[in-house]
Every structure is written in structure tokens, then in C-alpha cells.
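Subject: Structure handover

Hello,

Please find the structure below. My notes on it follow.

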Amino acid sequence: MIVLGIESSCDETGLALVDTETGLLSHALYSQIAMHQEYGGVVPELASRDHIRRALPLLEQVLREAHLDKNAIDAIAYTQGPGLAGALLVGASVACGLGLALDRPILGIHHLEGHLLSPLLTSNPPQFPFISLLVSGGHTQIMRVDRVGQYTLLGETLDDAAGEAFDKSAKLLGLSYPGGPAISRLAELGNPAVYTLPRPMLHSKDFNFSFSGLKTAVLTVVKNHVGELTEQDRANIARAFIDALVDVVVAKCCAAMRHTGLKRLVIAGGVGANTQLRAGLNTAAAKKRFSVYYPDLEFCTDNGAMIAFAGALRLKEDPGQARKDYSFNVRPKWALNGL
Ligand code: KG4
Ligand code: ZN
């Protein structure tokens, strides 16, 4: 069965084709980052309009690369939520329009389920059950994953997401959107001994996070600094921010592994691309004797492959999940453990 996946929940238009038997056939992505950069963040209306411009050319591209005609598509999976309402509506309407035109069923996918299952797209996928750390621009969650569709939330952020903390702290240091990769590069040059920032909820004895205070701590250091910040000052602050965030995330993951007794930790979401976080998790895993799995770098941030793949896994379990009801019921707010 060939499944087309469509991702349009935020500022990336992603399309992909997955064969339920052989895996990923082709995928294509258009990132709107450059367009949103001058505003310092995603402008929802601009995002929606750009998804409209990109979706069909990307569809033609993935079909061409897979050497397939559109009639070869058996089902269409699209991101139904959570995300920006207008942006989600574009993906949903393309899915509905194509479904209706080709007389194929469609299936709404939870964006976070896409991220959660994206590490299974690699050549060495983890076996179920595993603990998943989902660290993206909008979410930070630790989940127990027993199989496709069975997700138990162990803990999550009480305020800002990890990616949001990266982006906001980067902005305070004068870096452009999205700040995650930029602050990470800057931190490489920083001296870890100059600043120490708080590790929020490190000892809270649960699996929850809080990052808004960490961002405020960055703001306080920047404000209290006497004179202009030099490049080295900014690098030192970046380093202190990342060290604090990584310490907390690694500690919570280790606690979840200990609590559940599971031996596989699977990372997903844009912040999963972060070098310092990967180094921290790898060191902890070697020490505590568990394995860590990461998605390929290109599948950490938003993409269509993870949506097509989640759709394929779901349809493989139960083809009846797809429907020929072409109503646009997107869900901008949608809890994953409510699936
Ligand atoms: O998963 P994602 O593409 O979108 C959401 O669903 O939110 O994650 C985007 C987030 C942004 O906050 C971005 O700054 C962050 O992931 N990010 C990174 C890195 N690459 C992307 N954060 C830290 N280090 C990175 N290398
Ligand atoms: Zn995402």
C-alpha cells in the first residue's frame, strides 16, 4: 500500500511517499524559515499562504522521484493537529481534495505521533516498548511507548517547550529565528566556568520540566551585564544555558528509564538534533547501560516522511482507520495521550 504524507502544521511544508512494505520511497520539504526570519518568529497567516504555494509542486516532486503516477497513491495521511489552525487547514484541504479526486481514503495524523515514530524510519529501529523524549518547538514530553497508538505520558513541560527556550534565549543573545542551531554553535566557543544558570525542577521527583525560568535567567544575565556583550560573553551565556537545559533533560530521562526499567530511550523532535543534548544523553546511556536512538538529522525537525510513515504504520495495523469523509476537521490543540 502506498501512503502519501502531508505535513503543514507550522513553517515547513513536507510531502512524502511511503510503501507499507518497503518503507520510504521519496520525500520533499520546503522550509519557510527565511520568510519568517525578519519577524523573529512564525507569522501564521504568511505560513498558511506559503503552504498553499508549495504543496502541489512538492507533491509532483515526490511522485517524480518515486517514479509513480498519482493514481498509485492508495491512502493519504495528513497532519490533523496540533499546530497552527490555518496552516493545518491547508494540508487537510489538499488531502481532502486529492482523496476526493482519486477516490482514496484519508487519515488524520497527530503531529507528535509523527515525531515519536520518526526514529523507526532509520536502518536500525528500536523495538517496542521504549521511552520517548519528545523535544520540539512546541512540546517537551517524556512518554512510554508500548506499540503504535499506545502512548502513556510520564511527564511534560509546565510552561515553555525546550525548543521555545532555545529560540527565546537565542533571541536575547541577538541570534535570528530559529535560534536552536545558532545558540548551539555559539555555545561551542563558550567557557562553562563563567556563568551558572538554574536547573529548573531538577529535583522535583517527577518527569515534568519548566523552562521559562531558565529563559528569564538568561535575560537577567544579559540585563545585568555591565557594558556591551562581547562575542565571548554571548558564547559563555549560550554555554551556560545549554549546560543547564541538557543537565535537566538528561536527568529526567535517566529517572524515567530507572522508574520504568526499560532499556531503550528514543529521541524525537527538532531539539533532538542538538549536538550538546546528544552528547549528554550518550554519556548518560553508557554509564546507566541503556541504549539511545535518534532519528536521522533530516527527520528530527518537521517533515512529511514522519507523517507518511506514521500513517503507513497505522494503516498496516488497521486499514479501516482511513476514511472517505472529506471534512476538514483539524485539531490545533490535541493531546497525544488522548489518541
Ligand atoms: O520539531 P520541530 O521542527 O517543530 C515543532 O514541531 O515544534 O522543532 C523546532 C524546534 C525549534 O525550536 C528549533 O530551534 C529547535 O527545534 N532546533 C534545535 C536544533 N535544531 C532545531 N534546537 C537546538 N539545537 C538544534 N540543533
Ligand atoms: Zn514538530
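In which loop is the place of Asp103? Asp103 is in the loop between α3 (85-102) and β5 (106-110); helices (H or I, at least four residues) and strands (E, at least two) are DSSP runs, numbered from the N terminus.

Some conventions before the rest. This is a predicted model, in which local features need pLDDT of at least 70 and side-chain atom pairs count only at pLDDT 80 or more, while totals for chains, interfaces and linings use all residues. Residues are numbered from 1 along each chain as its sequence is written, chains are lettered from A and ligands numbered from 1 in the order in which they are written, and side-chain values use heavy atoms, with hydrogens and water left out.

Backbone

Most residues other than glycine have a negative phi, and most peptide bonds are trans. Asp103 has a positive phi, near 60°. With a relative accessibility of 47%, Asp103 is partly exposed (buried means under 20% relative accessible area, exposed over 50%, partly exposed in between; 1.4 Å probe, protein chains only). His67 also has a positive phi, near 55°, and sits in the loop between α2 and β4 (75-81). His67 is exposed, at 73% relative accessible area.

Two cis peptide bonds are worth a look. One joins Phe128 and Pro129, with omega about -10°; Pro129 belongs to the loop between α4 (111-117) and β6. Another joins Tyr177 and Pro178, with omega about -15°, and Pro178 is in the loop between α5 and α6.

Cores

The largest nonpolar core has 51 residues. Such a core is a set of buried Ala, Val, Leu, Ile, Met, Phe, Trp, Tyr and Cys residues joined through side-chain atoms within 4.5 Å. The elements giving two or more residues to this core include β6 (130-135), α5 (162-172) and α8 (231-260). Helix α8 supplies the largest share, 17 residues. Leu133 is among the residues with the most contacts inside this core. Beyond its neighbours within four places in sequence, Leu133 is in contact (heavy atoms within 4.5 Å) with residues including Phe209, Val249, Leu265 and Leu281. A second, separate core has 33 residues, among them Val18, Val266, Phe299 and Leu315.

Ser48

Ser48 is part of helix α2 (residues 44-65). Its relative accessible area is 11%, so Ser48 counts as buried. Not counting residues up to four places away in sequence, Ser48 touches Gly86, Ala87 and Val90.

Regards
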